[in-house]
Amino acid sequence: MIISELKAYDLGDWVVHRNHGIGKIESIERKRLGGQENVYCKIQTPDSMIWLPIKKANSNWLRPVAAPAKIKQAQEVLKSAPQPLPDNLNGRKSWINKVNSNDKPEVIAELLRDLRAFKKEKKTLAQAEEAALRHFTDCFVAEWAVSMDITMDEASQKFEKLIEIGHQNHLAV
């Protein structure tokens, strides 16, 4: 049975894909894609269906949804004063790329807190930074909602409130 090829997860599990964010494992299927037959993990995300080769599903492309304790750690990061980002675009892009490969909620929270503060202070972000900010925010809020069993709207409102607290803490320093 091909389900046994999925080592770390079960059907119905919520997972976080490194590039696509949160999704639910719907099935394991043998498919012919791109002229080659492989076993794929079918994952439904809020925006699309992805077919992840089982080899990648059992690697660092997927991780379980963060436990509520990890989300609470990330919330504390959001409330803390932002750290300065490099003034040069390449330095900020490097930080974004590093976060993309280390997608722990508390690390993503640092990036979101700091990018939002940078944008507020400088009044602008480069196009790639704006895209990253939107992507990471959407993924982070979705994971928060699933982990804490709340709606996306509730998670989004709480996220905005904590970001504002962090900004106020920055102004108080």
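These questions and answers cover the strands and helices of a predicted model.

Author: The model is predicted, with local features needing pLDDT of at least 70 and side-chain atom pairs counting only at pLDDT 80 or more, while totals for chains, interfaces and linings use all residues. Numbering starts from 1 along each chain as its sequence is written, and side-chain values use heavy atoms, with hydrogens and water left out.

Reader: What makes S3 and S4 a pair?
Author: Two strands pair if DSSP finds at least two bridges between them. Strands are DSSP runs of E, at least two residues; helices are runs of H or I, at least four; both are numbered from the N terminus. Five bridges join S3 (residues 36–44) to S4, so the pair meets the definition. The two strands run antiparallel. A hairpin of four residues joins S3 to S4.

Reader: What makes S2 and S3 a pair?
Author: Nine bridges join S2 to S3, antiparallel. Arginine 30 stands opposite valine 39 in S3. Their hairpin has two residues between the strands, and glycine 34 takes a positive phi near 65 degrees there.

Reader: In what order do the five strands form the open sheet?
Author: The order is S4-S3-S2-S1-S5, with antiparallel pairing.

Reader: Why are S4 and S5 called edge strands?
Author: Strand S4 (49–53) and strand S5 (62–64) each pair on one side only. Neighbouring strands of this sheet are turned by 45 degrees against each other on average, direction ignored.

Reader: Which strands does helix H5 lie across?
Author: H5 (residues 127–148) lies across strand S1 (14–17), strand S2 (21–33) and S5. H5 runs at about 100 degrees to S2. Axes are lines fitted to C-alpha atoms, for helices over the stretch in contact, and angles run from 0 to 180 degrees between N-to-C directions.

Reader: Why is H3 called roughly antiparallel to H4?
Author: The axes of H3 (residues 89–101) and H4 (residues 105–122) come within 10 Å and cross at roughly 155 degrees. Angles over 145 degrees count as roughly antiparallel, under 35 as roughly parallel, 65 to 115 as roughly perpendicular and the rest as oblique. Therefore H3 is roughly antiparallel to H4.

Reader: Which residues of H3 make the contact with H4?
Author: Arg92, Trp95, Ile96 and Val99 of H3 do. Contact means heavy atoms within 4.5 Å.
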